[in-house]
Amino acid sequence: MSPGISDVIKKDHREIESYYDKIINSSDKDEQTRYQNLFTWELARHSIGEELVVYPVFKKLLTDSIQMANKDRKEHFKVKEQLKAF
(Lines give C-alpha, C1' and ligand atoms only; values in the text may rest on other atoms or scores of the structure.)
Protein backbone atom coordinates (compact mmCIF):
# COMPACT_ATOMS: atom_id res chain seq x y z
CA MET A 1 0.00 0.00 0.00
CA SER A 2 1.38 3.41 -0.93
CA PRO A 3 1.77 6.06 1.77
CA GLY A 4 -0.81 8.82 2.18
CA ILE A 5 0.00 12.49 1.70
CA SER A 6 0.24 13.11 5.45
CA ASP A 7 2.81 10.29 5.72
CA VAL A 8 4.87 11.87 2.95
CA ILE A 9 4.69 15.30 4.60
CA LYS A 10 5.76 13.84 7.97
CA LYS A 11 8.64 12.03 6.27
CA ASP A 12 9.74 15.29 4.62
CA HIS A 13 9.63 17.09 7.96
CA ARG A 14 11.76 14.40 9.63
CA GLU A 15 14.24 14.47 6.75
CA ILE A 16 14.57 18.26 6.84
CA GLU A 17 14.99 18.18 10.63
CA SER A 18 17.72 15.54 10.33
CA TYR A 19 19.64 17.70 7.83
CA TYR A 20 19.37 20.65 10.19
CA ASP A 21 20.68 18.55 13.07
CA LYS A 22 23.63 17.41 10.95
CA ILE A 23 24.44 21.02 10.03
CA ILE A 24 24.36 22.15 13.64
CA ASN A 25 26.19 19.18 15.13
CA SER A 26 28.95 18.76 12.57
CA SER A 27 32.34 20.38 12.93
CA ASP A 28 33.32 19.45 9.36
CA LYS A 29 32.74 22.46 7.08
CA ASP A 30 32.35 20.29 3.96
CA GLU A 31 29.73 18.15 5.68
CA GLN A 32 27.92 21.27 6.90
CA THR A 33 27.87 22.70 3.38
CA ARG A 34 26.61 19.41 1.93
CA TYR A 35 23.74 19.26 4.44
CA GLN A 36 22.98 22.98 4.07
CA ASN A 37 22.52 22.37 0.35
CA LEU A 38 20.31 19.33 1.00
CA PHE A 39 18.35 21.24 3.63
CA THR A 40 17.73 24.15 1.25
CA TRP A 41 16.75 21.90 -1.66
CA GLU A 42 14.41 19.71 0.39
CA LEU A 43 12.77 22.68 2.09
CA ALA A 44 12.13 24.38 -1.27
CA ARG A 45 10.82 21.15 -2.83
CA HIS A 46 8.57 20.48 0.15
CA SER A 47 7.14 24.01 0.24
CA ILE A 48 6.41 24.05 -3.49
CA GLY A 49 4.81 20.61 -3.27
CA GLU A 50 2.47 21.78 -0.55
CA GLU A 51 1.57 24.90 -2.52
CA LEU A 52 0.78 22.90 -5.65
CA VAL A 53 -0.84 19.80 -4.15
CA VAL A 54 -1.92 20.18 -0.53
CA TYR A 55 -3.38 23.70 -0.47
CA PRO A 56 -5.70 23.11 -3.45
CA VAL A 57 -6.99 19.96 -1.73
CA PHE A 58 -7.51 21.96 1.46
CA LYS A 59 -9.57 24.44 -0.54
CA LYS A 60 -11.79 21.72 -2.03
CA LEU A 61 -12.35 19.62 1.08
CA LEU A 62 -12.10 21.77 4.20
CA THR A 63 -14.30 24.58 5.44
CA ASP A 64 -11.43 26.41 7.15
CA SER A 65 -9.02 25.77 4.29
CA ILE A 66 -7.97 29.38 3.76
CA GLN A 67 -7.00 29.79 7.41
CA MET A 68 -5.09 26.49 7.41
CA ALA A 69 -3.23 27.31 4.19
CA ASN A 70 -2.42 30.84 5.38
CA LYS A 71 -1.10 29.52 8.69
CA ASP A 72 1.09 27.02 6.84
CA ARG A 73 2.32 29.70 4.42
CA LYS A 74 3.26 31.94 7.36
CA GLU A 75 5.22 29.09 8.94
CA HIS A 76 7.00 28.39 5.64
CA PHE A 77 7.78 32.09 5.20
CA LYS A 78 9.28 32.22 8.71
CA VAL A 79 11.45 29.19 7.96
CA LYS A 80 12.56 30.74 4.65
CA GLU A 81 13.52 33.96 6.45
CA GLN A 82 15.49 31.94 9.01
CA LEU A 83 17.14 30.03 6.19
CA LYS A 84 18.14 33.30 4.53
CA ALA A 85 19.74 34.47 7.78
CA PHE A 86 21.33 31.05 8.25
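Phe39 is buried, at a relative accessible area of 9%, where buried denotes under 20% relative accessible area, exposed over 50% and partly exposed in between (1.4 Å probe, protein chains only). Tyr20 counts as partly exposed, at 38% relative accessibility. The model is predicted: local features need pLDDT of at least 70 and side-chain atom pairs count only at pLDDT 80 or more, while totals for chains, interfaces and linings use all residues. Residues are numbered from 1 along each chain as its sequence is written, and side-chain values use heavy atoms, with hydrogens and water left out.

Rings of Phe, Tyr and Trp (its six-membered ring) pair if their centres lie within 6.5 Å; planes under 30 degrees apart are stacked, over 60 edge-to-face and the rest tilted.

| Pair | Centre to centre | Angle between planes | Class |
|---|---|---|---|
| Tyr19 and Tyr35 | 5.7 Å | 40 degrees | tilted |
| Tyr20 and Phe39 | 6.1 Å | 45 degrees | tilted |

Tyr19 in helix H1 (residues 5-25) and Tyr35 in helix H2 are 16 residues apart, and both are buried. Tyr20 lies in H1 and Phe39 in H2, so their pair ties together parts 19 residues apart in sequence. Helices are DSSP runs (H or I, at least four residues), numbered from the N terminus.

Helix H3 (residues 65-85) has 21 residues and reaches 30 Å from its first C-alpha to its last, close to the 30 Å expected at 1.5 Å a residue, taken as 1.5 Å times one less than the number of residues. Its buried residues are Ser65, Ala69, Asp72 and His76. They cover an arc of only 65 degrees around the axis, which puts them on the same side of H3; the arc is that of the directions from the helix axis to the C-beta atoms. The face turned away from the buried side of H3 carries exposed residues, including Ile66, Lys71 and Phe77.

Methods
Helices (H or I, at least four residues) and strands (E, at least two) are DSSP runs, numbered from the N terminus.
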